[in-house]
Amino acid sequence: MSLIRAGLVACISREPDIEVVAELDRGEPVLPTVAALRPDVAVIDDGIAGADRFAVIHDLHHAAPCCRTLIMATQPCPRDLCQAVAAHATGFIRKDADPDSISQAIRQVAQGLKALDPDLAFAALDAPVNPMTPRETDVLRLAAAGAPTAEIARQLCLTTGTVRNYISAIITKTGARNRVDVIRIAGRCGWL
């Protein structure tokens, strides 16, 4: 059990109207545990091991729609908020929020209300719109991971010329100076 999770459980357990029915350190047992215990809220940590938190939330929404989800994130970015909304999360809060704010967010989510960290909400509203197409984003994501043009072409079933054209278009759309600059810009804006 991690120290952070133990501290969170201890803080939440002190609330008279909130009962912690389970704590998990991995993503795989979330669905069976929710099916067995039928909690009102599942608090999903961004450090959940063995699973993509957004996939877990999406699956929970479809398998157990009565269980609402609250994401706790260490360093949330606007892209995370968009992914959380797409996965049908009910709330999103920073991990470093004070215990009263976390408890209040759990209560709101349990009531079917949305709970959202205000700083993240404003950051999402202020974030520049991603000018890239989904395919351009795929190309840039691989480039950011260090893949050379030929490897990007192989993985995406494209020609190397098409990959170069995509990268050129991305640089133009973002106003970047070069490939390295566009990766920096896209990372800072949460587009990758």
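## The second largest pocket

Let's start with α4, which gives three residues to the lining of the second largest pocket, the most of any element. Helices are DSSP runs of H or I with at least four residues, strands are E runs of at least two, and both are numbered from the N terminus. A pocket here is an open set of points on a 1 Å grid over the protein atoms alone, where a 1.4 Å probe fits, with protein on both sides within 12 Å along at least five of seven lines; lining residues have an atom within 4 Å of a point.

This pocket holds about 290 Å³ of space, a volume being the space filled by probe spheres set on the points, which are joined across faces, edges and corners. Its lining has 17 residues, with His 88, Ala 89, Thr 90, Gly 91 and Lys 114 nearest the centre.

## About the model

The model is predicted: local features need pLDDT of at least 70, side-chain atom pairs count only at pLDDT 80 or more, and totals for chains, interfaces and linings use all residues. Residues are numbered from 1 along each chain as its sequence is written, and side-chain values use heavy atoms, with hydrogens and water left out.

## The largest pocket

The largest pocket comes in at about 1000 Å³. It's lined by 40 residues, and Ile 12, Val 20, Ala 22, Ala 42 and Val 43 sit closest to its centre. Two or more lining residues come from each of α1 (3-13), α2 (30-37), β1 (41-45) and α5 (99-110). Top contributor is α1, with seven.
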